[in-house]
Structures are given as C-alpha cells and as structure tokens.
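Subject: Structure handover

Hello,

Here is the structure for your files. Please open it alongside this note; my findings follow below.

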Amino acid sequence: MIFFALLVATLLDYNVPFAYEKRLNPYVLRWTATAQRWTSQQAGWVDWAVGVGLPVIATAVIFLALSALASVLAWVWLVVVLYVFSGYGQFKDHMSPVGMFGRVSQGVADEGNNAFDTPAAVRFVLHRVVGYWVAFIVLALLGLGPAGAVLYRLAREKATLMTQSQAGEEPALEEQAVEEQAVAEQPVMQAVQIEANESTTTTDGMASDPHTADPVHAFAALAWHWVGWLPARAMVICAAMVGAFDGAIAAWREPEARHDESNDALVVSGVLGSLGEPEQITPGMVERLATRLLWLIFVAVGVVSFAV
C-alpha cells in the first residue's frame, strides 16, 4: 500500500502538479495564526502541539477510521495527502527522470556562469522531496498513514515562520500567502535561491540560541530539528550509497560537521563529500545524484512494503 501510494502520488504530482502555495498554504498560514492566538499565553510546546500536532493527529485518525471501513479508502487517503502536501511537481522538467534540476541546469547554462548554489540545491532536495518521503515512510510503517508527510511539512513551515517572526521579518498573513503563491510561478533556479535565502534564517533547533529565542520559537526550532533528524541522516546514507561512499562518510565525520549539529549542515557536508571535489561539482552532477538517490528510496520502499 505504501509503495503504490507514493508511486501514484508522485506520478500525479509530476503530470498534474498541485498548486500547494496557492490552494492550501493560505489555509495553513491562517491555521498557524489561529493556533498562536489560542495559545498566546501558553508554553511553546502547547503552541506547537496545537498548530502542528493536531493536524497530524487528525490525519492519522482519518486514516485509521478509513482503514476500519475499507482498505481502498485508506489507500486513497494516503495518495490524496501525499499529492496535496508534496508541492515539488511544479518544478518538473520533461528532460529529467524525477523533474528536479533540469531547469536549474538549463538556467545556469543560459547565464553562462557558475552561479549555481550547490548547498542550496542539496537543501532543496532534502526539504522538498527526501525529507518529506522519509518522514511519510517511517510513520506509515508504524500504521499512522500519511501523518509523517503532514508532520514534516508543517514542522518546517512552523519553524520558518517562528524564525522570521523572531527576526522581525514576518510579513502579514496575506502578504505571506502571496509570496508562497509566487514561488509556484517561478522556475527552479529561483526556488533554489529562495532555499538559500531561507537557510540564513531557518534551521533546526540546534542552530538557535536558547538565551535569545522566545519559548515558542525555541520549541518550534527544536521540534523541527528532531523531526528532520532521521530524514537528514537517511539522505546522507543514500547519497553515500549512490555516490562516493568514502567521501560522504569522511565529510560526515569531519570535526566541522560534528560541531555544527544542524541537520542541513550535516546533509550538505555529506552530499558534497559524495560528489567529490567542491570546485568540480556541476548542476548536472547534483541532478544525477538526486535521481539515483530517489530511485534508491523508491526501491527500498518497495522492498520493505512487500516484505512486511
């Protein structure tokens, strides 16, 4: 059920991309604002539990209820949630097997320079696809259906909004919705640049200073760190298996990588190590690595799904 749900949702999103930023994200932002108003005088974990935890629990409960009625209905719910929350199909390109970096490569070639931001591209793969898939697979294997996909997406958005608010950069709700909608209309090169910009303010909890962050922001950042902990390490391991294994593991074990405990830093270090010398990395190399990595995850999901 898990394998075919992921396959069908990916094919649907590839051929008929769901405009997440336009159709669903405004409602997510409104729910986040509502949860903050309800819990404004409460501890940080209460705000996160309402804003992120309740939708995740509701998703799992609906899946369990549908499973009790009919397995087909539960499977349809898996596909629908995966399709709606993925949001990566808008970056498809028919020249790429997974539709991730075809336009990035073309954009760099058209510019005639080496402006490609490899770390931002790696984070793009982690946040848009790999992390989302791994979170979904783990909770689906635990019998919670598509709750992992909702958890990963909402936890990251919550951490992003809290970080922007902490820095005094959070736009009004309507402005934020317009910005998110605009991303859907931009080519991948611009989306990767947005990922690079977000990385300067968003990250996992270990990058936040607990002495300066308010409790709500601190808990949202810490929760995002632990939600992304396993997907980040899974991506490094998969990159090592499809790339240069020794280089990926050596980069992972470097003192700098261990000192910076953020998931993003670990993934960037490990994936770049699997690609070889940094000055020789090209957009095409990142695209090929991403393609092999996603195929590896697909195969692993298929084997596990048919084995259990």
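First, a convention: helices (H or I, at least four residues) and strands (E, at least two) are DSSP runs, numbered from the N terminus. The model is predicted, so local features need pLDDT of at least 70 and side-chain atom pairs count only at pLDDT 80 or more, while totals for chains, interfaces and linings use all residues. Residues are numbered from 1 along each chain as its sequence is written, and side-chain values use heavy atoms, with hydrogens and water left out.

Overall picture

The protein has 16 helices and zero strands. Of its 308 residues, 54% count as buried. Buried means under 20% relative accessible area, exposed over 50%, and partly exposed in between (1.4 Å probe, protein chains only). Contacts here are heavy atoms within 4.5 Å. Among contacts between residues at least 6 apart in sequence, 76% join residues at least 24 apart.

Helix 1 against helix 16

Helix 1 covers residues 2-15, and helix 16 covers residues 283-307. Their axes come within 8 Å and cross at roughly 145°. Axes are lines fitted to C-alpha atoms, for helices over the stretch in contact; angles run from 0 to 180 degrees between N-to-C directions. Helix 1 contributes Ile 2, Phe 3, Phe 4, Leu 6, Leu 7 and Thr 10. On the helix 16 side they meet Phe 298, Val 301, Gly 302, Ser 305 and Phe 306. The residues of this contact divide into eight nonpolar, three polar and no charged.

Helix 7

Helix 7 runs over residues 118-141, 24 residues in total. From first C-alpha to last it reaches 32 Å, close to the 34 Å expected at 1.5 Å a residue. The expected span is 1.5 Å times one less than the number of residues. A kink of about 45° is centred on Leu 126. The bend at a residue is the angle between axes fitted to the seven residues ending there and the seven starting there. Helix 7 is mostly covered, with 21 of its 24 residues buried. His 127 lies in this helix. His 127 counts as buried because its relative accessibility is 10%. Its side chain joins that of Arg 156 through a polar contact of 3.2 Å. A polar contact is a pair of N or O atoms within 3.5 Å; within protein, one must be able to donate a hydrogen and the other to accept it, and residues adjacent in sequence count only if both atoms are side-chain atoms. Just after helix 7, Gly 143 takes a positive phi of about 90°.

Helix 15 (residues 263-275) has 13 residues. Its end-to-end C-alpha reach is 18 Å, close to the expected 18 Å. Of those 13 residues, 12 are buried, so helix 15 is largely enclosed by the rest of the structure. Among the buried ones are Asn 263, Leu 266 and Gly 270. Gly 276 follows helix 15, with a positive phi near 105°.

Arg 233 is in helix 12. Arg 233 is buried, at a relative accessible area of 14%. Leaving aside neighbours within four places in sequence, Arg 233 is in contact with Trp 252, Asn 263 and Leu 266. The C-alpha atoms of Arg 233 and Gly 270 are separated by 9.0 Å, at 37 residues apart along the chain.

Helix 12 (residues 229-242) also holds Ile 237. Ile 237 counts as partly exposed, at 42% relative accessibility. Ile 237 and Leu 293 are 56 residues apart in sequence and 9.6 Å apart in space, C-alpha to C-alpha.

Thr 59 sits in helix 4 (residues 44-69). At 9% relative accessibility, Thr 59 is buried. Not counting residues up to four places away in sequence, Thr 59 touches Trp 77, Val 81, Pro 146, Ala 147 and Val 150.

Trp 224 belongs to helix 11 (residues 215-227). Trp 224 is buried, at 3% relative accessibility.

Best wishes

Methods. Nonpolar A, V, L, I, M, F, W, Y, C, P; charged D, E, K, R; others polar.
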